[in-house]
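Trainee: I have a new structure open and would like to learn how to read it. Could you walk me through some of its features?

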Amino acid sequence: MKNVLLTKGIILPSGEISKDKVNLVTGAITQPFAEMVWVTTGGDMETVNRLTDVLVTMNTPADRGKLFKIIKMLYGLMGLPFSEEAESMDADPAVLEYFIFSFTADFGEVIQDLIAEETE
């Protein structure tokens, strides 16, 4: 499976993570996810905060794989396709750690933008 990460340019030939590539993938998939969370919850910040808490507290070596599965499940529940490029991010622990970090940061940014739009 690590070969898939190399082929997709997620891991560079040097073995380093291509953070730019991971950021591009998470940026592309997080926007529709966060917007759908916002719409389906009616902008309920209590729910958004609980989801954010799950993203942050489960981002541990022991729980990261489970968190990745939860994220994929949430995409399915909301009728959103999960990115084929993101699908392989759990093949390497370091890649998965950076993916979850980037996803969580992007999620927070999109939610903040949505809050700002609502107050304009």
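This is a predicted model: local features need pLDDT of at least 70, side-chain atom pairs count only at pLDDT 80 or more; totals for chains, interfaces and linings use all residues.

Mentor: Gladly; let us begin with E35. E35 is partly exposed, because its relative accessible area is 32%. By definition, buried means under 20% relative accessible area, exposed means over 50%, and partly exposed lies in between (1.4 Å probe, protein chains only).

Trainee: Where does E35 lie?

Mentor: E35 lies in helix α2, which covers residues 19-40. Helices (H or I, at least four residues) and strands (E, at least two) are DSSP runs, numbered from the N terminus.

Trainee: How many salt bridges does a search of the whole structure find?

Mentor: The search finds five. A salt bridge is a side-chain nitrogen of Lys or Arg within 4 Å of a carboxyl oxygen of Asp or Glu. One of them joins D63 and K66, whose closest N and O atoms are 3.7 Å apart. D63 counts as partly exposed because its relative accessibility is 24%.

Trainee: Which residue meets E97 in a salt bridge?

Mentor: The partner is R64, at 4.0 Å from N to O. This pair links distant parts of the chain, since E97 is in helix α6 and R64 is in helix α4 (residues 64-77), 33 residues apart. E97 has a relative accessible area of 40%, so E97 is partly exposed. R64, by contrast, has 9%, so R64 is buried.

Trainee: Which side chain meets K72 in a salt bridge?

Mentor: That is E87, with 2.4 Å from N to O. Here too distant parts of the chain are linked: K72 belongs to helix α4 and E87 to helix α5 (residues 84-87), 15 residues apart. K72 is partly exposed because its relative accessible area is 28%, and E87 counts as partly exposed because its relative accessibility is 33%.

Trainee: Now the rings, please. How should I read a pair of them?

Mentor: A pair of aromatic rings is described by the distance of the centres and the angle of the planes. Rings of Phe, Tyr and Trp (its six-membered ring) pair if their centres lie within 6.5 Å; planes under 30 degrees apart count as stacked, over 60 as edge-to-face and the rest as tilted. Searching the whole structure gives eight aromatic pairs. Among them, F33 and F107 make a tilted pair, 5.9 Å centre to centre with 55° between the planes. The pair links distant parts of the chain, F33 in helix α2 and F107 in helix α6, 74 residues apart.

Trainee: Is F33 buried or exposed?

Mentor: F33 counts as buried because its relative accessibility is 1%. F107 also counts as buried, because its value is 0%. Another pair, F68 and F82, is edge-to-face, with 5.7 Å centre to centre and 80° between the planes. F68 sits in helix α4 and F82 in the loop between α4 and α5, 14 residues apart. Both F68 and F82 are buried.

Trainee: Which residues form one aromatic cluster?

Mentor: The cluster is made of F33, F68, Y75, F82, F99, F103 and F107.

Key. Residues are numbered from 1 along each chain as its sequence is written. Side-chain values use heavy atoms; hydrogens and water are left out.
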